[in-house]
Amino acid sequence: MVFSQKDIISINDFSKKEIIDTLKLAEKMEPIARSQEKCDILSGKLLGSLFYEPSTRTRLSFEAAMQRLGGGVIGFAEAGVSSATKGENLNDTVRIVAEYTDALVIRHDMEGTARYVAEQVDVPVINAGDGAGQHPTQTLLDLYTMQRLLGEIDELHVALVGDLKYGRTVHSLAYALAKFDVKMSFVAPKELQMPKEILHDFSKSGIHVNETDDIHDVLNYVDVLYVTRIQKERFPDPQEYSKIKGAYLINAKLLEGSNVIVMHPLPRVDEISHDVDNTPYGKYFEQAFYGVPVRMALLKSLIKK
Amino acid sequence: MVFSQKDIISINDFSKKEIIDTLKLAEKMEPIARSQEKCDILSGKLLGSLFYEPSTRTRLSFEAAMQRLGGGVIGFAEAGVSSATKGENLNDTVRIVAEYTDALVIRHDMEGTARYVAEQVDVPVINAGDGAGQHPTQTLLDLYTMQRLLGEIDELHVALVGDLKYGRTVHSLAYALAKFDVKMSFVAPKELQMPKEILHDFSKSGIHVNETDDIHDVLNYVDVLYVTRIQKERFPDPQEYSKIKGAYLINAKLLEGSNVIVMHPLPRVDEISHDVDNTPYGKYFEQAFYGVPVRMALLKSLIKK
Amino acid sequence: MVFSQKDIISINDFSKKEIIDTLKLAEKMEPIARSQEKCDILSGKLLGSLFYEPSTRTRLSFEAAMQRLGGGVIGFAEAGVSSATKGENLNDTVRIVAEYTDALVIRHDMEGTARYVAEQVDVPVINAGDGAGQHPTQTLLDLYTMQRLLGEIDELHVALVGDLKYGRTVHSLAYALAKFDVKMSFVAPKELQMPKEILHDFSKSGIHVNETDDIHDVLNYVDVLYVTRIQKERFPDPQEYSKIKGAYLINAKLLEGSNVIVMHPLPRVDEISHDVDNTPYGKYFEQAFYGVPVRMALLKSLIKK
């Protein structure tokens, strides 16, 4: 075990050392994730994969991770296929699937679901996103991507770009980065800036933060542009939305001459132009891949021999 | 082979000895179902899992059972994903999936489907519920639960509670219990009592049966309360329904001081209060687990080496 | 490798020798497909199964093929379960799933999708049907069925029957057969005859073709009746449709005394009567089975050790 928890519910439950040890274990998993090495350490084990909301990346990378380790998967990819349609409540469903399996991964649209489920069952529970709540395996794969592509996370300068007000992903990532000796730049239109309480938490802890609404300000000195989507629904005025969307569009021309890597939790819509995909800047597909070794590390650590 | 049939269609096809031998084999499967032991006896084998109706417990426990034995699963969890949407008839679909696999498990809303399918294909077919028809693996896991938790089934006193008129599950279970030397109590509102022809069959065979509409009558001397849901649709008068629902609600207070175990085929809605879940009375989650070793025993017996 | 392509997009990419070598390899796969022999040559490998349209036969036989070889499968059986519902475009989805897997199989309703996808990703891509485009694994299993049941394909006389105008399957099959030394009869109502450009291609290459609208003309001397569905939508006049449907109905009485085998890509609706199913003429279920060893041969050849 590289961490002490029975469950993976929130990145906030991890100490810096536990994060570092998890990323180290993920690195050992990489050759298996690339199918350059075989592994059957979880053969005979079963993962219950309970996706009450559709997902491609998270669900498929968990299923890939489990199978690359020799294990099997049962579950559902949308609530409609489960007994939820017969009126069965969440509690009964998860307790039953826990009886059949060695660990559960759950995605649900209601915040707090994963922790509630973890309290109901004896098997380990991994939170694969619970509404406005947490999505800790995303944060771990984000950190792994930075470390894997740029070396140590300490000393990095990371710019979080886009919707910093409502974005669950960037909030978790910011708190996790704050455990390291990093610099952060928050790049957002004034309507979507990082919430005051998060800024307050950081200033209390002596974290160096730089706020701006102009992406050009940071391009020359940050190591990572972590981009998130700006949603139309946030703007009452469609023209205002169009203007802002344009100002935050990441394309190959913008990046030219800089030294950044561009990350994105995906799915993207049009905040990163496709002309970035095959440049050395665009690392979001590689980032998606790194979800597999990170989730393998978690499954290996949580599921008892 | 612990039984002679090619297929598992109805519990009525089993002799008492075949039931006992199946339960014995299930007991041997338990350490594998709990992943305390590894097994790859069905590696390379495939189960075709054809669920024309949604299901959590039955589908997932079959998939778990097959994978715990080293086998694989193909199929669909709802009719919409199959070629049924292109107008293909059931006959063609099952014959084709039978060509790809070593056994089929099928759930369908039309009574008689499983036996029809079994006649069309060479591979073994397991009935996972066909409408108002049979659901034999449910009955086997019910019997296994009683034997596992209370010792021999002979000499037990089992109360069937709730909707005994329309409940397919309790009809099958009652007939199966009648093969053993048991006592049965039928506890139901007068609108939902056990059908006369079943009572007649039992009295002909000399089975001791006790009928009542008051659950308090039986609480002091039965070993098992097997609870089923009372459906609102059965009552023209909503007030009548409410009154009866209240009279049949199983909660921790009711059970206090008794010596029963509470079973339920699940899903429940509100006929058993959640305050029973973590008492020594509530055994329905354990019962759900026992579906795995029972289905492992069937798969192991049916699929040819 | 029995062929040189990275991907399986169109049967036209195969030389005659590559087809023959693929069929030879499929024959070696048969005992594994029938689970008479075990094989774990692809253990630890993953197939990404991306079905944007529902399918029973193609999807399940690919999943069976992969698992019979010891590999695993991740993916989706309909677009609704994927992130397509969040607006993610095809390009991003396939690039991500390619990061998780060792090969992709894709079905999509838009012609050209498979080749586009193959250009985006490094892993091998197998086209499982792209709208009006190609479905090469169907053609390979059609050829395999003929060879397996009748010996060498050279010297056979194959009648293609039904809708030859719009039928993608028969176009691909005809071009593939044209690589061999075969005779072909095209049996279709005049509204649905083989397109002129295909006839032209064949006459240029010196292929012997016989056209008729009466199935009785060919029954006495062809080896194979390859039947496809005539769709109601092709006829403005419902009476005309009924008449033609009747004239092309294949039943046991029609086949009596002939020496043909009847094939069909399935699903059928009512163009072949069920009384043919269990005669020695009806080979379409066997044909469906042959999809497994053929797809095993492709997966084995494409996925790198």
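Two strands are taken to pair if DSSP finds at least two bridges between them. Helices (H or I, at least four residues) and strands (E, at least two) are DSSP runs, numbered from the N terminus. The model is predicted: local features need pLDDT of at least 70 and side-chain atom pairs count only at pLDDT 80 or more, whereas totals for chains, interfaces and linings use all residues. Residues are numbered from 1 along each chain as its sequence is written, and chains are lettered from A and ligands numbered from 1 in the order in which they are written.

**View 1. Strands β5 and β6 of chain C pair in the parallel sense.** Strand β5 (residues 157-161) and strand β6 (residues 183-187) of chain C are linked over five bridges. Within this pairing, H157(C) has K183(C) of β6(C) as its bridge partner.

**View 2. An open, parallel sheet of five strands lies in chain C.** The strand order is β7-β6-β5-β8-β9 (chain C). At the edges stand β7 (208-212) and β9 (261-263) of chain C, each of which pairs on one side only. On average, neighbouring strands of this sheet are turned by 20° against each other, direction ignored; the axes are lines fitted to C-alpha atoms, for helices over the stretch in contact, and angles run from 0 to 180 degrees between N-to-C directions.

**View 3. Strand β5 of chain B is mostly covered.** Four of the five residues of β5 (residues 157-161) of chain B are buried, a term that requires 20 or more other C-beta atoms within 10 Å of a residue's own, with C-beta atoms placed from the backbone. Five bridges join β5(B) to the parallel strand β6 (residues 183-187) of chain B. V158(B) stands opposite M184(B) in β6(B).

**View 4. Chain A is assigned two domains.** Domain 1 covers 11-134 + 291-302 and domain 2 covers 137-287 of chain A; such bounds come from an automatic or database domain assignment. The C-alpha centres of domain 1 and domain 2 of chain A lie 26 Å apart. The contact takes 16 residues from domain 1 and 14 residues from domain 2 of chain A, where two residues are in contact if their C-beta atoms, placed from the backbone, lie within 7 Å. On the side of domain 1 of chain A that touches domain 2 of chain A, α1 (16-33), β4 (125-130) and α10 of chain A each supply at least two residues. The largest share of that side, five residues, comes from α1(A). Its residues divide into nine nonpolar, four polar and three charged, with Ala, Val, Leu, Ile, Met, Phe, Trp, Tyr, Cys and Pro counted as nonpolar, Asp, Glu, Lys and Arg as charged, and the others, Gly among them, as polar.

**View 5. Chain A touches chain C.** Here 22 residues of chain A are in contact with 23 residues of chain C. On the chain A side, α2 (57-68) and α10 (284-302) each supply at least two residues, and α2(A) gives the largest share, seven residues. By class, this side of chain A has 11 nonpolar, five polar and six charged residues.

**View 6. A rotation of 120° superposes chain B on chain C.** The shift along the axis is 0.0 Å and the RMSD 0.0 Å, with copies superposed by least squares on the C-alpha atoms of residues with pLDDT of at least 70 in both. That is the relation of a three-fold axis. Of the residues of chain B, G72(B) comes closest to the rotation axis, at 5.1 Å (C-alpha).

How values were computed. Buried ≥ 20, exposed ≤ 12 C-beta atoms within 10 Å, placed from the backbone.
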